[in-house]
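Here's a quick briefing to read alongside the model. Have the sequence and the 3D view open as you go.

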Amino acid sequence: MVIREALNNTHIADALKLAASGTTELQEWADLREPGLRLRVRRYNATWVLKFRDNTVTLGPADRWNVANVRAAASHVRGMVRSGLNPKPWIDARLAGASADEAAAVVLRREGKDRKEWTVSTLMERYLEDYIKVGRIIRGKRNPPSANTARDVEAMCRQKPYTDISALILRELNEHVLESYRDNLTKLHGGSASRKGLGYLKAALSWARKHHSSLAGLVNMPRWWRDVSALHVEKSRTRMPTVDDLAMTIAIADAARRLPGRSIDAEINESTIGALWLLAFTAHRREAVVTIQRGELIEDERAGDGSGLLYRPPTVMKGKREHVLPLPPSAMEVLRPFMQRSATSKWLLPAARLGKNGSSVHVHGSSINKLLLRLRGKDEKGRAVGAPDLLSLAGVTVFDWSPHDLRRTLSTMVEDWTTRGDAASAVLDHQGHGEAGRSFDAAAITRTAYSQSQRLPLKKIAMSRWCDEVCAAVELARPKAAEIVASSIGPNPNESQTLIATG
């Protein structure tokens, strides 16, 4: 027998009484407000059911839902059945106490697992291996992969809050999850890391949506992640150390080989000093400086005046094109001792310690930044022993300068000296000239350097004046640097072994 009425809580009470007696074979109340919703009593059981097309879905015991809640549940289940989804996981989750949204996540997760769709972890692994590490295709050509980007993504995947979302099926992601991820990144690692981390995840989702939508579970999914924006805005950098600031920093570093708070044998690595010199001469990015191999810095035999050529392959240049810099005799006089050191390592600037597999590795890019902190007494050991700020004591005006700031100094000073802004741009590789391939030996490097695409004469205009000014300024700074170091931390036991003999 079926009674058709607008159900209310009184009907629930009546149904429970009938079920308690156990004398009713079958009694149903059909709701007039929610199509297909029925309250059914059969002997000792009173249950809610939904009849839709040829399906009858049990929604749960009569005393589990009030009328308002069961109508909402019936409407949701009808939508799932209409879409071809199995509503049982959602109903089970709701009966277990989950909210409607939490139950929906359970359904998505089960569906995704059944179809072996990608998790966030799988997404980032594939994006790293199949896209970042093979390089992007731009205008029909594949650019070399970015080692820095790969390291950034790998570091991101090892840290919270990424590890908190890595097991989620991609279909479980939404604006709320992504915004929470962004905000937690900011709290844990800062605004810049948040901007990067969010950008990498959004880029990976777009890549998967375009190339692997079926495997990833993103078929026909709107690109909602595009609407989640980073909140952090990078501040415009205006720091610009003077040539005298740079020269005094080099002179202080060369004079203070052993700094307070270190063990007696823990001196500044010679390669770190060399990296600081090369940074000063080239104003290149840190990775392009520390990854120079021995065969990439050569004498310029064609010039025959003691000058040299520094070759940087596409893999270490931001523009992903090979780049050659002419180095005047003044710079080569400083760098030649590094070229002539024992050739047990392929690196021009080998680290003091070996790599994990026992092989020689180059000094890390961060070693330059760490050296600058140590000279200011701002590193952990320096703060612990109250080390002096040698740069401030020596009168360095921009004492907190960073390696990237030198690009601003070189560009400004070369343009002032030569009225050729394009010369500085050529040195800094702002224009992206050069080939995408790689030169492997001295002869090939020389041919590349003298090709028109490298604009060698234009670079020489900038490099000759810049390097000469830096070397001269360092020589002028040495006496004061030695005095500051001696009065602050004692005499340098290696004073006679400086890179350039004074006088």
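Let's start with Arg-38, which touches Val-2, Arg-4, Glu-28, Trp-29, Ala-30, Thr-47, Trp-48, Val-49 and Lys-51, leaving out residues up to four places away in sequence. Touching, or contact, means heavy atoms within 4.5 Å. Keep in mind that this is a predicted model, where local features need pLDDT of at least 70 and side-chain atom pairs count only at pLDDT 80 or more, while totals for chains, interfaces and linings use all residues. Residues are numbered from 1 along each chain as its sequence is written, and side-chain values use heavy atoms, with hydrogens and water left out.

**More on Arg-38**
- You'll find Arg-38 in strand S3, residues 37–42 (helices, H or I with at least four residues, and strands, E with at least two, are DSSP runs numbered from the N terminus).
- Arg-38 has a relative accessible area of 16%, so Arg-38 counts as buried (buried is under 20% relative accessible area, exposed is over 50%, partly exposed is in between, with a 1.4 Å probe and protein chains only).
- Its side chain makes a polar contact with the side chain of Glu-28, at 2.7 Å (a pair of N or O atoms within 3.5 Å; within protein, one must be able to donate a hydrogen and the other to accept it, and residues adjacent in sequence count only if both atoms are side-chain atoms).

**Nonpolar cores**
- The largest nonpolar core has 61 residues, and Ile-252, Trp-277, Phe-281 and Val-470 have the most contacts inside it (such a core is a set of buried Ala, Val, Leu, Ile, Met, Phe, Trp, Tyr and Cys residues joined through side-chain atoms within 4.5 Å).
- Helix H21, residues 456–489, gives the most to this core, with 12 residues.
- A second, separate core of 31 residues includes Leu-123, Ala-204, Trp-224 and Trp-225.

**Cysteines**
- A search of the whole structure turns up 0 disulfides (a disulfide is a pair of cysteine sulfur atoms within 2.5 Å).
- Cys-467 is buried, at 0% relative accessibility, whereas Cys-157 is partly exposed, at 23%.

**The whole chain**
- The protein chain has 21 helices and 10 strands.
- Of its 503 residues, 46% are buried.
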